[in-house]
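Please read this note with the structure open beside it, and take the numbered points in order.

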Amino acid sequence: MVHTPEQLAFVRTETLPAQAPPATAAGPVHWLRANLFSSIPQGIMTLIALYLIYSFLVAVIPWFANGVWDATSIRDCREQLDGARGGCFAVLSERWPQLLFGNYPSEHYGRATLAFVLLFVALAPLLFSELPRKMLWFTGLFPFLAYWLIWGGSIWVPVLALLGVVLGFVVYQLLADRSFFGAIIAGVAASMLFWVYLVGPLDSALSAIANISLDKVESREIGGFMINFILGISSMALALPLGIALALGRQSDLPIIKTICVVFIEFIRGVPLITLLFVASVMLAYFLPPGSNFDLILRVIIMITLFAAAYMAEAIRGGLAALPRGQYEAGASIGLDYWQSMRLIILPQALKISIPSIVNIALSLFKDTTLVSIISMFDVLGMIGGPILSSTAWFGVYWELYIAAAAMFFVFCYGISQYSQYLERKLATDRR
Amino acid sequence: MSLATDPPSQSFRLSMLLNDTRYRGYTFQVIALLALVALFTWLISNAITNLAALGQDIDFGFLGQPAGYDINQQLIPFVSTNTHMRAAIVGVLNTLLVAILGCILATIVGVVVGVLRLSSNWLVAKIMSIYVEIFRNVPVLIWILIVFNVMANALPSPRAFRGDDPDASMLFNAFAFTNRGVYVPKPVWLDGSSIVVGVFIASIIAIFALRRYARHLLYSQGRELPVLPLSLALFFLPTLAAFFAMGQPISLDYPALKGFNFQGGLQIRGSFLALWLALSLYTGAFIAENVRGAILSVSKGQSEAAASLGLRPGRIMSLVVLPQALRVMIPPNISQYLNLTKNSSLAAAVGYMDITGTLGGITLNQTGRSFEAILLLMGFYLAISLAISGIMNLYNNSVKLKER
């Protein structure tokens with residue numbers, strides 16, 4: 001039987017629009033079923049997790065909401081709370097400068113803050129390669145500027161120290177054509193000689209002509225979060241070149257050099273940082289020439305630098321080992337000597353591979369700077385445990401203080417770790 | 001670095017020490033060695049001059065003198081008239097105790113968190129990643145101090161347990177959480193208890209033998225034994241039988257409130273608990289990341305293959321994925337165990353008497369022998385680090401993929 005169009009009651013001429021998916025296959029309900037209640041055990045786990053979150057929030061929210069931000073002592077705080085549960089955050093608002101700067105003279109907080117802000121300007125070109133390379137000049141100047149801002153004293157000391165570096169660099173440039181290694185040694189020696197023999201006399205001579213100076217601040221007055229930053233940043237900057245040298249030494253064919261590096265690295269990695277800090281606080285003074293008086297901060301920086309350098313060397317060794325053998329052979333085949341091939345071919349690639357682990361070391365180093373509170377330096381934990389918690393006004397306000405310190409570290413360390421992941425993504429492009 | 005491609009030279013000239021790559025390596029090494037010897041000579045001569053000026057010498061004799069201080073947690077008996085040497089050993093044992101227990105707890109925390117962080121449950125995975133990020137990004141010293149302050153300040157004092165209507169009460173009448181530590185029942189060993197313990201150890205060995213035999217039976221004949229019920233029976237029955245046969249030689253000494261403090265039972269000090277929990281939770285977060293990375297490194301085809309064989313998700317994890325992930329996670333975990341052991345030296349911050357607290361703390365301060373004490377301290381940590389990495393490397397070699 002053939003149907004003519006007239007016999008058919010209805011013919012659809014256009015396609016139907018797609019129907020919305022059923023409620024259980026899309027939208028929030030689907031998401032809930034897929035991610036939270038996919039099976040009975042999963043559902044139970046979700047409920048347990050929800051209960052834990054609920055009890056955490058019930059405990060914490062009133063504590064923050066009732067928090068007292070304006071009080072002069074813990075008794076005042078308790079009177080204001082009047083039996084209610086709440087944090088006494090007034091200790092933070094009152095002792096905030098102490099947490100940041102320790103016993104730094106309060107009229108000079110501006111100097112320390114300026115050094116802290118400039119630190120980020122100096123770090124920016126190192127962290128982000130998109131920024132103009134000319135900013136690196138400021139990065140080079142920053143250590144001297146920061147020293148002058150924080151410790152004060154005559155401006156000529158950091159200027160002359162900088163001159164010593166420039167002198168060393170000039171010597172290196174003059175000799176670099178003949179032998180890279182010899183030029184490095186000669187440059188360092190020139191700087192050292194300049195610092196040891198010329199800085200003192202030149203400083204007094206120049207100060208007599210033009211006395212530009214800031215008020216001097218003693219090292220023992222420096223404390224709080226500031227000291228964690230000083231120790232972390234300066235040790236890291238010093239440990240990187242030392243770590244590269246140790247890693248190269250450990251990979252070298254020369255047995256004596258290799259043994260020295262291996263023994264050093266394994267020794268440092270085998271002992272806890274706290275014993276090295278004990279060495280800095282009680283033992284290092286014995287090993288220095290009689291009569292010399294090294295600052296405690298300097299001694300601690302030396303020991304933390306040695307500590308970080310050993311770990312750094314292992315990270316860089318990983319990078320060196322990851323390079324294919326062909327890269328070394330390629331360098332040799334075009335007639336480069338050891339230092340040339342290291343400088344131009346091997347190290348740029350090896351350092352790039354080891355950047356994530358170097359950043360991790362920087363992170364743990366920054367956290368480890370809190371250990372100096374155990375050798376009675378007043379870093380942020382030392383300030384909390386010492387002057388603040390033992391004062392009659394704030395005896396017993398430990399929660400607020402430790403959580404604040406933890407939050408400060410979290411902000412910076414989480415930032416560093418996120419940066420490290422960004423760097424990994426950025427550098428992973430050529431190694432798919 | 002010497003290259004073997006240089007043409008052979010006829011006679012040796014002094015300038016070849018610097019210019020000939022065959023000899024230059026030796027020149028550098030000799031220079032480096034001389035520089036090192038010179039540095040050490042300088043440091044040591046400084047030390048000798050300084051010590052002589054102070055009228056001190058290097059002498060380990062102080063280890064034989066009476067210590068004169070008490071140690072609040074002792075695994076071997078110690079009184080203040082014992083020597084500094086014995087105090088150091090008590091400290092060593094305390095360090096080892098917290099390090100070993102810490103490694104065990106950190107591993108448990110790390111594996112659980114690492115697995116849960118990959119859970120398909122969004123909420124659980126998020127909570128675990130928040131835990132990992134918070135613990136990894138805050139210094140361990142702050143965690144130790146926070147946990148210690150919870151122990152010391154947030155828990156009730158023993159006085160709160162007194163009276164007819166006390167503010168605090170004991171858990172199951174056996175556990176008391178106080179600001180002086182946690183009191184738990186202490187086992188009392190009477191005559192014959194050694195036999196019960198012996199039977200218990202024998203039954204543990206028997207369980208392992210049973211599992212081996214069951215696997216052998218499964219592989220050779222395809223027969224499956226009910227391993228779990230048999231193991232449970234082996235675990236409980238012989239020991240219970242021996243326990244009652246010997247006339248119940250093991251009993252528990254419950255802590256009880258006497259006067260203003262608890263008597264009896266075992267007192268676990270707040271300082272120990274703070275150190276143990278904080279180190280475990282901190283290191284556990286790092287181990288969790290290692291575990292997660294290792295699990296992700298097992299290719300998805302492995303778990304899909306296991307699923308296609310009909311294994312349940314739990315068994316896929318325990319039989320297929322975790323054994324393969326184990327190989328990947330062992331080397332990074334070794335360094336985490338080392339870190340935990342070295343971080344246990346932070347005991348000084350909460351007054352836990354480990355080796356840093358006894359030898360590097362009170363002994364050092366009392367005798368003034370900083371040189372000797374710090375050298376011994378470093379030697380101990382070095383030895384322990386080398387031992388741990390040696391043992392763990394042996395284990396690593398035994399489980400790693402045998403490439404042929």
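1. A:Ser376 is found in the loop between H14 and helix H15 (380-388) of chain A, and its phi is near 55°, a positive value in a residue other than glycine.

2. Please keep in mind that this is a predicted model, for which the predictor gives the complex an ipTM of 0.86 and a pTM of 0.85. Chain B has a mean pLDDT of 83, with 92% of its residues at 70 or more. Within chain B, confidence is lowest in helix H1 (residues 16-19), where the mean is 70, and highest in helix H4 (residues 122-136), where it is 92.

3. Which residues touch the most other members of the largest nonpolar core? That core has 158 residues, and those touching the most other members are A:Leu277, A:Ala308, A:Met312, B:Ile144, B:Ala274, B:Leu275 and B:Ala278. Helix H8 (residues 270-297) of chain B gives the most to this core, namely 17 residues. As for A:Leu277, if its neighbours within four places in sequence are left aside, its contacts are A:Val300, A:Met303, A:Leu371, A:Val372, A:Ile374 and A:Ile375.

4. The contact between the chains takes 44 residues from chain A and 49 residues from chain B. On the side of chain A that touches chain B, at least two residues each come from several helices, including helix H2 (40-65), helix H10 (255-270) and helix H14 (338-368) of chain A, while H16(A) provides the largest share, 9 residues. Sorted by class, this side of chain A has 33 nonpolar, 9 polar and 2 charged residues.

5. Finally, consider a pair of helices in chain B: helix H11 (residues 355-367) and helix H12 (residues 370-399) pack at an angle of about 175°, with their axes 9 Å apart. Angles over 145 degrees count as roughly antiparallel, and H11(B) and H12(B) are therefore roughly antiparallel to each other. Where they meet, H11(B) brings residues including B:Ile355, B:Leu359 and B:Thr363, and H12(B) brings residues including B:Ala373, B:Leu377 and B:Phe380. By class, the contact of H11(B) with H12(B) has 8 nonpolar, 4 polar and no charged residues.

Technical notes. Residues numbered from 1 in each chain as written. Chains lettered and ligands numbered in written order. Predicted model: local features only at pLDDT ≥ 70, side-chain atom pairs only at ≥ 80, totals over all residues. Core = buried A, V, L, I, M, F, W, Y, C linked by C-beta atoms within 7 Å. Buried ≥ 20, exposed ≤ 12 C-beta atoms within 10 Å, placed from the backbone. Helix = DSSP H or I, 4+ residues; strand = E, 2+ residues; numbered from the N terminus. Contact = placed C-beta atoms within 7 Å. Nonpolar A, V, L, I, M, F, W, Y, C, P; charged D, E, K, R; others polar. Axes fitted to C-alpha atoms, helices over the stretch in contact; angles between N-to-C directions. Parallel < 35°, antiparallel > 145°, perpendicular 65-115°, else oblique. pLDDT = per-residue confidence, 0-100.
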